[in-house]
Each structure stands twice: as structure tokens, then as C-alpha cells.
Amino acid sequence: MRAVMLMFDTLSRAYVSPYGSDAALTPNFARLAEHCCTFDRFYGGSMPCMPARRELHTGRYNFLHRSWGPLEPFDYSCFQALDASGVYAHLITDHSHYWEDGGATYHNRYSSWEGFRGQEGDRWAPRDVVEGLPVHMSPLQKVKGPSPIQHEANKRRQPREEDMSTVRTVTAGLEFLSSHAQRDNWFVQIECFDPHEPFDVPQEYRAAAGLSDAPRLNWPAYGAVDVDAHVEELDECRREYAALVALCDAQLGRVLDAFDEYGLWEDTLLIVNTDHGFLLGEHGYLGKNFWPMHQEIIHTPFFLHVPGVDGGTRCSALCQTIDLAPTLLDWFGVDADVEMDGRSLLPVVRDGAAGHAYALFGAHGNHVCVTDGDYVYMRAAAREDNEPFVECTLMPTNIRGFFSREQLNSAELVTGCRFTNGWPYLKCRSRTYMNSYTFGSSLWDVRSGEECIEDAEIESRLLSALVEEMRRVEAPEEEFARLGLGV
């Protein structure tokens with residue numbers, strides 16, 4: 001048994017052709033769909049990057065118990081389980097968050113791994129030699145903090161397309177496929193940070209997207225935006241993003257060529273996925289995390305090729321990132337040692353089995369959302385101070401850096417729970433830059449587009465489902481209180 005996962009970061013479904021975009025910019029996604037089941041109701045769960053990857057390993061929601069953090073001593077990793085069962089699991093990635101404080105335990109769960117430097121604000125090339133940023137940038141461009149200068153330094157080490165981190169990542173993936181085409185019992189995760197911002201891409205891709213001048217908005221600062229006042233800049237930004245998606249499409253084409261060359265379609269599972277999308281002015285926002293979890297962010301593209309099953313099909317079952325760990329274990333015939341929140345997608349594709357009745361999603365400390373695939377209910381904090389609010393962890397780290405002394409002074413060692421697989425853990429006060437109280441709770445009809453509605457009956461049903469699902473995964477009691485759910 002063999003399996004390949006080609007994962008992109010921040011891939012918005014509206015920009016790939018099987019979901020309605022211009023096929024001229026993403027012909028290889030159209031080609032992929034011919035071999036796959038394309039999922040129409042696939043959702044992320046925990047936002048953003050590393051919380052999503054924790055779900056990928058554990059098959060469990062992260063965001064109700066924990067913010068951005070590493071895999072914990074108590075976590076079950078499906079990739080480590082594959083390795084222990086005799087399946088060689090290899091990770092290839094240019095996602096620099098794996099090597100930061102809040103992600104430093106993920107990559108070593110694989111049999112082996114290799115990484116490529118230089119994406120976003122990766123602290124790689126010396127940035128003290130960079131004098132400043134280009135002067136032609138939009139006021140909406142990200143300029144604060146060390147990351148923009150760091151990125152300018154990193155770009156100097158990547159002057160050609162073949163030097164780019166994403167291209168090098170896929171090249172390494174092709175080398176793995178070449179050396180393992182005649183071998184059995186392996187899994188490879190080829191993980192590209194693109195099309196995550198900044199949207200840097202060679203000019204040939206920009207030209208295909210109708211861009212000729214130097215970029216002025218290719219790294220949008222997260223924030224609210226006056227869409228009417230920035231029509232031209234936002235249009236350019238979306239084109240910059242589309243150009244980077246086209247680069248990703250070209251890399252996908254290289255992987256599809258390898259599947260053709262080595263005959264991998266016959267016996268190799270293929271997953272093409274992402275962690276989340278991005279707001280490019282939709283709903284009046286740029287970015288993610290701070291805002292309500294709109295469809296552009298959390299309703300993601302997903303493709304699954306199961307050998308022996310005809311491609312070119314669509315699936316309407318409600319499925320999520322938490323389903324990938326049990327799917328891989330099912331494919332390789334490995335039994336999980338723990339109960340997962342997700343379930344295998346193989347019966348869904350092979351037999352038309354049902355997906356989830358309801359799915360949860362959100363970011364730690366922000367809205368807690370539930371969907372049935374037709375409607376989304378977003379539950380906001382009941383109090384302006386967003387309390388009570390806790391972290392459940394044995395690894396008190398953030399994306400970069402550690403928990404504050406104040407947080408650690410509040411820590412209490414408590415008895416283990418389902419989330420920690422029975423291990424005792426530290427429960428301490430959390431903090432966040434997000435505040436769902438500002439936006440309030442809301443109900444959305446997502447059957448065609450996304451429309452905020454008022455319907456007491458639907459809202460009551462989804463609220464009941466949200467409470468039931470939170471109980472099922474044993475969300476902390478503080479989380480019920482934070483949302484004003486007296487249960």
C-alpha cells in the first residue's frame with residue numbers, strides 16, 4: 001500500500017477550476033479532478049496553520065482546548081503510528097512553522113523529513129543587511145514587524161523559479177516518488193507553503209494573470225478594508241494570489257506527471273488538500289483568524305483518489321480535516337489506539353457512506369461554529385472580556401516564544417481527559433488577540449454563496465448540535481461558560 005498527500009497552504013477553493021475558477025490558470029487541478037472524487041462540502045476544523053496540522057496527526061479537533069502549539073506528549077500521531085506499523089512515512093515541506101517554538105514536535109513523528117527554507121518571515125537569511133522595503137507599496141501592504149524585511153532578505157537567495165521553496169519541495173517529492181515507485185508500504189507528504197502570503201511569483205505567472213507593473217499589494221495586512229475605496233488595489237491583490245495559485249497548479253502538474261509515468265494511479269492513494277483559505281476583501285476584510293469564519297476561509301477544496309474507484313466524480317458528504325488521519329490508517333490497515341473525532345473517507349468514496357451530520361470549526365478563543373453543510377451557526381463569546389478562557393497543555397509555547405509568567409502562575413495540574421488520552425495536563429489562563437463578542441453570534445445560509453439570515457428554528461437546531469458536539473469531544477467546561485452556554 002502506498003499513499004501521497006500533496007498539501008498546499010491557504011488554497012481558496014474559488015481559485016481552482018473544479019470549483020468554478022478560470023481553467024486557463026489551473027489546468028492541472030482540472031486534470032486532477034478527472035482522477036479523483038472532488039468534495040463539495042469539505043471543511044477545515046481548527047484554525048490556522050499548526051492547529052490544522054495537529055488535526056491532521058491526531059484526527060481530533062484542536063481549537064476547543066488549545067491555541068497554536070506543538071504536538072503534545074499525550075497526542076497520538078497517525079504518522080508515528082504508520083511508522084511503528086512498518087509503513088515508511090516521509091515529510092517534505094517548506095512550511096517554516098514546523099521549526100518554531102509552536103510547531104517543533106511535528107516533523108519528528110515521521111520516519112524521516114526534509115525541509116526547505118525561505119518562506120514568508122522564516123528567520124533564515126540575515127535581514128540586517130536589508131535597508132528597506134519597496135516604496136511603491138499599497139497602504140494595505142504588510143510592513144510592520146520583522147517579517148517583511150526578513151522576506152526581502154530571503155528572496156535574495158531565491159532568484160530563479162527553481163530556487164523557490166515550493167518548487168524545491170516538489171522536486172524533492174518527485175525524487176522520493178522516483179526512488180519508491182517500485183517499493184511498497186510508504187507514505188509521503190509533499191507540503192507546500194504556497195499560495196500562503198506573501199504572493200511572490202515569477203513574472204510569467206503574473207503576466208498570465210494580467211499583471212505587468214511591480215507588485216504593490218501582494219502581502220495584505222490583516223484588517224478591515226474599505227472595499228469601495230481600494231477597488232483597483234484589491235483587484236491587483238487577487239490577481240497576485242491567482243498568479244501564485246497558477247504556480248502551485250504547475251507543481252501539481254509535475255506530481256500528476258509522475259503518477260502517469262510510474263503507474264501510481266493503479267495502487268496509490270492520492271490526497272490533495274489545504275488547511276484553510278483567505279479573505280481578499282470579501283466581507284470587507286483581508287486575512288483570516290480575526291474575523292468570523294466565513295466560507296472563503298474554512299470551506300476548502302479537497303480531492304481524493306482511491307485506486308479502483310472511478311475518478312471525475314463529486315461528493316456532497318460533509319467531511320473535514322479530522323477525517324484524514326483515520327482515512328490513512330484505514331488505507332494502510334492500521335488500528336488507532338485512541339478514539340478520533342474524524343472517520344475514514346474510504347467508505348464515503350467507495351460506497352457512498354454518509355459524512356458527518358454536523359461539523360465544528362473555529363479558532364481558539366474566537367467563534368465556535370457548527371455547520372450541517374447548508375447552514376452555519378457562529379457562536380460568539382457571551383462577555384466582552386472573553387472569559388473564562390483556558391489552555392490545556394503540557395507544552396506551554398506559542399507560535400514563537402513561550403507562555404507568559406502570568407499564564408504559568410495560573411497553571412493547575414489537573415486529571416487527564418479524553419483530549420489528553422488520560423494524561424494529566426496543565427490548565428492555565430489563555431489569551432488571544434481575537435474577540436468574537438465584537439461581532440456577536442450569527443446564522444448563515446451557505447447553500448449558494450453566503451447570506452446572513454434570521455431563522456429561530458434553524459438557529460435553535462444548530463445551537464443544540466453545537467452543544468452536543470462540544471459535549472461529545474469533551475470541550476472544557478470553561479468553553480461552555482465563555483460562550484454563555486449554561487450546560
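Visitor: How many nonpolar, polar and charged residues are in the lining of the largest pocket?

Guide: Rolling a probe the size of a water molecule over the atoms shows where empty space is left. The lining of the largest pocket has 20 nonpolar, 12 polar and 9 charged residues; Ala, Val, Leu, Ile, Met, Phe, Trp, Tyr, Cys and Pro count as nonpolar, Asp, Glu, Lys and Arg as charged, and the others, including Gly, as polar. This is a predicted model in which local features need pLDDT of at least 70 and side-chain atom pairs count only at pLDDT 80 or more, while totals for chains, interfaces and linings use all residues. Residues are numbered from 1 along each chain as its sequence is written, and side-chain values use heavy atoms, with hydrogens and water left out.

Visitor: Which residues lie nearest the centre of the largest pocket?

Guide: A pocket is an open set of points on a 1 Å grid over the protein atoms alone, where a 1.4 Å probe fits, with protein on both sides within 12 Å along at least five of seven lines; lining residues have an atom within 4 Å of a point. Here 41 residues line the largest pocket, and Tyr-222, Asn-289, Phe-290, Ile-399 and Tyr-433 lie nearest its centre. Helix H2 (49-58) and helix H4 (147-155) are the elements that give two or more residues to this lining; helices are DSSP runs (H or I, at least four residues), as are strands (E, at least two), numbered from the N terminus. The space in this pocket is about 1,100 Å³, a volume being the space filled by probe spheres set on grid points joined across faces, edges and corners.

Visitor: What volume has the second largest pocket, and which helix gives the most to its lining?

Guide: Its volume is about 500 Å³. Among its 30 lining residues, His-151, Lys-155, Asp-200, Val-201 and Asn-218 are the closest to the centre. H4 gives the most, with 4 residues, and helix H5 (165-180) supplies at least two. By class, this lining divides into 12 nonpolar, 9 polar and 9 charged residues.

Visitor: What is the strand order in the open sheet?

Guide: Strands pair if DSSP finds at least two bridges between them. The order is E8-E11-E10, with antiparallel pairing. Strand E8 (223-224) and strand E10 (279-280) are the edges, each pairing on one side only. E10 pairs with strand E11 (residues 285-287) over 2 bridges, and Leu-279 stands opposite Gly-287 in E11.

Visitor: Is Asn-62 buried or exposed?

Guide: Buried means under 20% relative accessible area, exposed over 50%, and partly exposed in between (1.4 Å probe, protein chains only). Asn-62 is buried, at 2%, in the loop between H2 and helix H3 (78-84). Beyond neighbours within four places in sequence, Asn-62 has contacts (heavy atoms within 4.5 Å) with Ser-46, Pro-51, Arg-54, Glu-55, Ser-67 and Phe-419.
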